[in-house]
Amino acid sequence: SYHATKWLRTMVAKKRIRYVSTTYAELQKKVTETAKTKSMLDAIIKDFHLIEAALCSDKSIVSCDRQARQLFQTAAVNVRAIRMILWYNPEENDQWLENGAPCEKSRLLGYQ
């Protein structure tokens, strides 16, 4: 859209956009190996960019996708590299963001 393009140009001009190169092929392989069905595999592949972005930035994901969260939590049992990623669902009606978004163990993918 026009507004999205304008916003992106503005952010690039202000040097607020950071382009990163990711090479998480080995990690993606480990995570996809935890899939038990074809549909689970497809969902992991579709949403793996969330894991890549979290690892390249602040190790946080904000997403309403409960299915993806569950898949990555299951994978985190066997894949240590994603255990410390914090997943926040903005549909949860709580004060987490207003309290400064503290790192709560219950929000980590590796929390059991």
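A: The model shown here is predicted. The account begins with V12, which counts as partly exposed because its relative accessibility is 40%, a value between the limits of 20% for buried and 50% for exposed. V12 is found in helix α1, which covers residues 2–13. On the surface, V12 belongs to a nonpolar patch together with W7, L8 and Y19. The accessible area of these four residues together is about 460 Å².

D47 is itself among the buried residues of α3.

Aromatic rings come next. A pair of aromatic rings is described by two quantities, the distance of the centres and the angle of the planes. The structure holds 2 aromatic pairs. In one of them, the ring centres of F72 and W87 are 6.2 Å apart and the planes stand at 35°, so this pair is tilted. F72 lies in helix α4 and W87 in strand β2, so that the pair links distant parts of the chain, 15 residues apart. Both F72 and W87 are buried. The rings of Y88 and W96 make up a pair with centres 4.3 Å apart and planes at 25°, and this pair is therefore stacked. Y88 and W96 are both buried as well.

Charged side chains complete the picture. A search of the whole structure finds 7 salt bridges. One of them joins R66 to E91, with the closest N and O atoms 3.6 Å apart. R66 is exposed because its relative accessible area is 54%, while E91, at 48%, is partly exposed.

A further salt bridge is formed by R107 and E92, whose closest N and O atoms are 2.9 Å apart. R107 and E92 are both in the segment after β2, 15 residues apart, and the pair links distant parts of the chain. R107 is buried, with a relative accessible area of 7%, whereas E92 counts as partly exposed at 28% relative accessibility. R107 also forms a salt bridge with E104, and here the closest N and O atoms are 2.9 Å apart. E104 is partly exposed, its relative accessible area being 31%. Through salt bridges that share partners, R69, E92, E104 and R107 are joined into one network.

Note on methods:
Residues are numbered from 1 along each chain as its sequence is written. This is a predicted model: local features need pLDDT of at least 70, side-chain atom pairs count only at pLDDT 80 or more; totals for chains, interfaces and linings use all residues. Side-chain values use heavy atoms; hydrogens and water are left out. Buried means under 20% relative accessible area, exposed over 50%, partly exposed in between (1.4 Å probe, protein chains only). Helices (H or I, at least four residues) and strands (E, at least two) are DSSP runs, numbered from the N terminus. Rings of Phe, Tyr and Trp (its six-membered ring) pair if their centres lie within 6.5 Å; planes under 30 degrees apart count as stacked, over 60 as edge-to-face and the rest as tilted. Patches are made of residues with over 30% relative accessible area and no salt bridge: like charges are joined within 9 Å, nonpolar side chains (Val, Leu, Ile, Met, Phe, Trp, Tyr) within 5 Å. Accessible areas come from the Shrake-Rupley method with a 1.4 Å probe; for residues, only the protein chains shown count as cover.
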